[in-house]
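Subject: Handover of a structure

Hello,

I am passing this structure on to you, with notes on what was found in it. Please look through the sequence and the model before reading on.

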Amino acid sequence: MAVARRRLSVGLGLAGVACALLGGCLLLLGPVIIRQQVIKNVRINPSSISFQMWKDIPVPFYLSVHFFEVLNPKEVLQGAKPVLGQRGPYVYREYRNKTNITFHDNDTVSYLEYRNLFFQPHLSNGTEDEYVVVPNILMLGAAVMMEKLPNFVKNLLSTALTLLKQEAFMNRTVGEIMWGYDDPLINAINMIVPGLIPFKGKFGLFIDFNNSNTGLFTVNTGMKDISQVHMVDSWNGLKKVNYWRSSQCNMINGTAGEMWPPFMSPTSLEFYSPDACRSMTLVYEQSGKFQGVPTYRFVAPKTLFANGTDYPPNEGFCPCMQSGIQNVSTCRLNAPMFISHPHFYNADPALVDAVEGLHPSKEQHGLFLDVHPMTGIPMNCSIKLQLNLYIKHVAGIKQTGDIKPVVLPLLWFAESGSIEGAVLKQFYTNLVLLPSVLDYLQYILLGLSVPLIISAAVLMAMTQRNAGERSPGAPAGQSKPPPSSETTPLLQDTDTPSHDGAEA
C-alpha cells in the first residue's frame, strides 16, 4: 500500500512538472510562434497565404451610387435654393485584379490594379436607363472656369451654347452620366479656348473608373522589414504628387488602401487614394469583432476635409471654401469640383443649409474600416465620398441665369466589401481559432500543474507519516530477547530442578 502511494505521488509530481514546463513553454514561445507565422504569411511573397488574396481580391466589393436629382431647375436659374431628391442606389459588382506584377531587388513590387464594374439590377433601386435631371456639368463648369476671361470670349461661348441648344440643367440617363455621352460642347469649348478641357470624345463621371487601372503602384514587400509591408514606395514613378500647394499635402503616405502592416496599434492608419489625389489619414474609434474576428475600427476625423483656417495643415489643399469640402480642381482638369462626405456629413452647416433635401448622419454617411490588428487585413469596410460642383451666375454667359453661388451635390458613392465564405472560415481558423486554442491551452496546463504537484506532495507526506507510525523506536536499557528454539518449552515449571542442580 505504501509503495503504491509512493509511486502515485511520484507520477502526479512528474505530471505536474511536465504541465508546468509545457505551459511555460507555450506562454513564452506561443506568441513568438504566432508572430512568426503572421510575418511569414502577410508578406508580399508568392509563398505566403495572403499573396493570392492580395493579387486577386476575393472579397466581393460593391459600388453603390446615389444621384441627387434637381427637382426645381427653373427656379434655381431664377436664384432659388436648389431642392434635391436622392435617387438610387445603383449598385455595381466590382472586381479587382493585379497585373504586371514585378518584384524588384530593393524589396519592392510594382503592379497595375484593374477595376471592372457590372451592374446588379437585383440590388439596385432603379435601372441605368432611368432619366435624372442634373446640372450640365460641362457647361456650368466651363462657365466658372472662364469667369475671368475677356467678355468677348464668354459671349462667344454663350452664342455657341445657344446654337448647340445647351442649357444649365440636363435630363440624361444614369448610364450616360456614369459611363459617358457624346457632347458637341466638348469640341466647341476646345475651339473657343484651346486646352480648357484637355480631352475628346465622351464625357462621364465614371468613364475612367471602369475597365481601367489606378496607376502604377510600387509598394514594399516586407521581406526585410515587416513594418513596411504594403507601404507605398512610389505611384506612377512619383515619390510625391504636385497637385497641391505644400510639400506635406503632396506627400504619398501609407499603403495603397487594401492592406496594412501587421501588429497595428489603436492610433491611426494612412493610405494614398488616386481618386482623391491625396493621402488620407483615418483615426481609431473603437475595438470590436466582425464574425468573431477581433477588429479595430478606423474612421475619418473631422479634420479630413477641414479648410486651412480651421485646420492649418490643410492649407496646402486650398483655395478653400467652407470646412467639410475639398477643392480637387487641380487634379480634375481644373473643373470647379469638390469632394466631401455624403450629404455634407461633418461639414460646415452652411453647406447643408444652402440646398434642400440633405440629411447627414454618421450611420448612413460616415466611412469606416474594420481591420484585423494582428494581420493588418481589412475585414469589413465602406468608403464613402460625394462629388460636388460649384455653380454660379457668370456675367456674359446668359445660360447661367441668376444662379446663386452654391456647392451643389451631384452624387455620392460607397465602395463596400467584407470577407465572407471560405475565405472568412480559413482566416478565422488560422488566425483566430488556433491562436486562441494555444492561448487557452497554456493556461490550462499551468492551472493543472498546481493541483497535481500539491497532490503529489500531500500523498508523499501521508506515506512517510504512516511508515513512521508502524515502526516506533525501542525503549532504552531493554535487551533484545533471545530467539526461541523448537526444543525450548514456552512455559517452564519453576519447581523442576535444572540438570545442573541434579548433578550437584
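Two residues are in contact here when they have heavy atoms within 4.5 Å of each other. On that basis, and leaving aside neighbours within four places in sequence, Val65 touches Arg87, Gly88, Pro89, Tyr90, Tyr92, Met178, Leu411, Trp412 and Phe413. Please keep in mind that this is a predicted model.

Core

Aromatic pairs

A pair of aromatic rings is described by the distance of the centres and the angle of the planes. The count of aromatic pairs comes to 18. One of them joins Tyr181 and Phe203: the ring centres are 6.1 Å apart and the planes stand at 85°, so this pair is edge-to-face. Tyr181 is in strand E6 (residues 181-182) and Phe203 in strand E7 (residues 202-203), so the pair links distant parts of the chain, 22 residues apart. Tyr181 has a relative accessibility of 4% and counts as buried. Phe203, at 14% relative accessibility, counts as buried too.

Phe206 and Phe413 also form an edge-to-face pair, with 5.7 Å from centre to centre and 85° between the planes. Which parts of the chain does the pair of Phe206 and Phe413 tie together? Phe206 lies in the loop between E7 and strand E8 (212-220), while Phe413 lies in strand E17 (residues 406-418), so the pair ties together parts that are 207 residues apart in sequence. Both Phe206 and Phe413 are buried.

Strand E12 and its partners

Strand E12 covers residues 293-299, and five of its seven residues are buried. What does E12 pair with? Strand E11 (residues 278-290) pairs with E12 in the antiparallel sense over seven bridges. In this pairing Tyr284 stands opposite Phe298 in E12. E11 and E12 form a hairpin with two residues between them, and Gln291 in the turn has a positive phi of about 50°.

E12 is also joined to strand E15 (residues 368-372) by four bridges, and these two strands run antiparallel. Here Tyr296 stands opposite Val371 in E15. In a regular strand the side chains alternate between the two faces of the sheet.

Cysteines

A disulfide is a covalent bond between the sulfur atoms of two cysteines. The structure holds two disulfides. In one, the sulfur atoms of Cys277 and Cys331 are 2.1 Å apart. Why is this disulfide right-handed? The torsion about the S-S bond of Cys277 and Cys331 is about 90°, and the disulfide is therefore right-handed. The pair links distant parts of the chain, 54 residues apart: Cys277 is in the loop between strand E10 (268-273) and E11, and Cys331 is in the loop between strand E13 (325-327) and strand E14 (337-340). Cys277 and Cys331 are both buried.

The other disulfide is formed by Cys318 and Cys320, with sulfur atoms 1.9 Å apart. The torsion about its S-S bond is about -90°, so this disulfide is left-handed. Are Cys318 and Cys320 buried or partly exposed? Cys318 is buried, with a relative accessible area of 8%, whereas Cys320 counts as partly exposed at 32% relative accessibility.

With the bonded cysteines of the protein numbered in sequence order, the pairing is 1-4, 2-3. Cys249 is in no disulfide, and the nearest cysteine sulfur, that of Cys318, is 8.4 Å away. At 5% relative accessibility, Cys249 counts as buried. Cys381 is buried as well, with a relative accessible area of 9%.

Regards

Notes. Residues numbered from 1 in each chain as written. Predicted model: local features only at pLDDT ≥ 70, side-chain atom pairs only at ≥ 80, totals over all residues. Heavy atoms only, no water. Phe/Tyr/Trp six-rings, centres within 6.5 Å; stacked < 30°, edge-to-face > 60°. Buried < 20%, exposed > 50% of the residue type's maximum accessible area, 1.4 Å probe, protein only. Pairing = 2+ DSSP bridges. Disulfide = S-S within 2.5 Å.
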